[in-house]
Every structure is written in C-alpha cells, then in structure tokens.
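Dear colleague,

I am passing on the structure we spoke of, followed by some notes on what was found in it. Please read the notes with the coordinates open beside them.

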Amino acid sequence: MLDEKDDRHASADGKEKTVDGSIARLARMIGRDAAELTLPEWREVARWFSEQQLRKIHDAASLVAGPMARDVPIVGAGTGRWQIRRLAKRMQRRFVDFAEIIPAGDAVRGEASSVAPASAVALLAGFQL
C-alpha cells in the first residue's frame, strides 16, 4: 500500500483518496460496482493487481540479474520501494534502500529516497560544481 505521505497527486477521478474512494475506482477498472464485493474481497482484488505488477517487474529483473553475481543487491528507490523489497525477497537477493546509501542527513533520507531520480540529479549536479 502506498504511504499517504508519498501520495502527492489527486486521484485519477479527482475524488477523495479514502478506502471507499479507492474501492470505487478499482470497481470501475473492472466494470463493477463497489457494493458488489465486501471490503475483504476488494482487498483481495487489490492484492491481485499488486501481484501482477510485481510479476512483471520480477520477469524483467530476472532477465537483467541473470548474469550478475548472487551477492549483488537490489536497490529500491522511489515511492514503490516497498514493492521492490518484496521483489528482492522473491529473488533471494539482499535489499538495499536508496535511503541507506544517499549522502544526506537522517531527517531527509526517506524523502530523498522517495524522490530518488531528483535526488540523483542533484547529487550529480553537485559533483559538477
């Protein structure tokens, strides 16, 4: 589940970002009405979508990681790094959070990891100065 502090944009339909609002959007994605399933059933639908996403990432990562040594870690960055942590476990590789390796103060490491591409550009720009 996406952490609320990382959920910075309006929802796709411009409506509230509550559990009920998310269920309504999910229901529309599959041509259903929110009232057709219970909350536990909707959570299962959401888990299914999460699993499908992870499988696609896993397939691609397996192609890239194949020739790499088994001790090469998977680095997770961005707001979806919780999903990459799951990937690392599935691939039986060590997970390293970008927040652990970015040269920043403890108070901003998590935020810097959530916006990793911008943080990386800022670091590169700093090396140029």
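I begin with Ser-113, which at 0% relative accessibility counts as buried, a word used here for residues under 20% relative accessible area, with exposed meaning over 50% and partly exposed anything in between (1.4 Å probe, protein chains only). Before going further, please bear in mind that this is a predicted model, in which local features need pLDDT of at least 70 and side-chain atom pairs count only at pLDDT 80 or more, while totals for chains, interfaces and linings use all residues. Residues are numbered from 1 along each chain as its sequence is written, and side-chain values use heavy atoms, with hydrogens and water left out.

Ser-113 sits in helix H5, residues 109-114, where helices (H or I, at least four residues) and strands (E, at least two) are DSSP runs numbered from the N terminus. If neighbours within four places in sequence are set aside, Ser-113 is in contact with Gly-76, Ala-77, Gly-78, Arg-81, Asp-97, Phe-98 and Ala-99, contact being taken as heavy atoms within 4.5 Å.

The largest nonpolar core has nine residues, namely Leu-54, Ala-61, Ala-65, Ile-74, Ile-84, Leu-87, Ala-88, Met-91 and Phe-95; such a core is a set of buried Ala, Val, Leu, Ile, Met, Phe, Trp, Tyr and Cys residues joined through side-chain atoms within 4.5 Å. Helix H2 (39-65) and helix H3 (81-90) each contribute at least two residues to this core. Apart from it lies another core, of five residues, including Ile-23, Leu-26, Trp-42 and Val-45.

Ile-84, a member of the nine-residue core, belongs to helix H3 and is buried, with a relative accessible area of 16%. Leaving aside residues up to four places away in sequence, Ile-84 touches Ile-57, Ile-74, Val-75, Gly-76 and Phe-95. By contrast, Ile-84 and Asp-33 are 51 residues apart in sequence and 31 Å apart in space, taken from C-alpha to C-alpha.

The packing of the helices comes next. The axes of H2 and H3 come within 10 Å and cross at roughly 60°, axes being lines fitted to C-alpha atoms, for helices over the stretch in contact, with angles running from 0 to 180 degrees between N-to-C directions. H2 and H3 are therefore oblique to each other, given that angles under 35 degrees count as roughly parallel, over 145 as roughly antiparallel, 65 to 115 as roughly perpendicular and the rest as oblique. H2 passes H3 in a right-handed crossing; a crossing is left-handed if the near helix is turned anticlockwise from the far one by less than a right angle, and right-handed if clockwise. At this crossing, Ser-50, Glu-51, Gln-53, Leu-54, Arg-55, Ile-57, His-58 and Ala-61 in H2 meet Trp-82, Gln-83, Ile-84, Arg-86, Leu-87 and Arg-90 in H3.

H1 and H2 have axes that come within 11 Å and cross at roughly 60°, and here H1 passes H2 in a left-handed crossing. The residues that meet are Val-19, Ile-23, Leu-26, Ala-27 and Met-29 in H1 and Leu-39, Trp-42, Val-45, Ala-46 and Phe-49 in H2. Within H1 (residues 19-29), Gly-21, Ile-23, Arg-25, Leu-26 and Ala-27 are buried, and H2 is included in what covers the buried residues of that helix. Just after H1, Gly-31 takes a positive phi of about 70°.

For aromatic pairs, the rule is that rings of Phe, Tyr and Trp (its six-membered ring) pair if their centres lie within 6.5 Å, with planes under 30 degrees apart counted as stacked, over 60 as edge-to-face and the rest as tilted. By this rule the count comes to one aromatic pair. The rings of Trp-48 and Phe-49 have centres 5.1 Å apart and planes at 85°, so the pair is edge-to-face. Trp-48 is partly exposed at 47% relative accessibility, and Phe-49 is partly exposed at 30%.

Lastly, the loop between H3 and strand S2 (95-97) holds Gln-92, which has a positive phi of about 55° although it is not a glycine. Most residues other than glycine have a negative phi. Gln-92 is exposed, with a relative accessible area of 65%. Arg-94 lies in the loop between H3 and S2 and is exposed as well, at 53%. Beyond its neighbours within four places in sequence, Arg-94 is in contact with Pro-73, Ile-74 and Ala-88.

With best wishes
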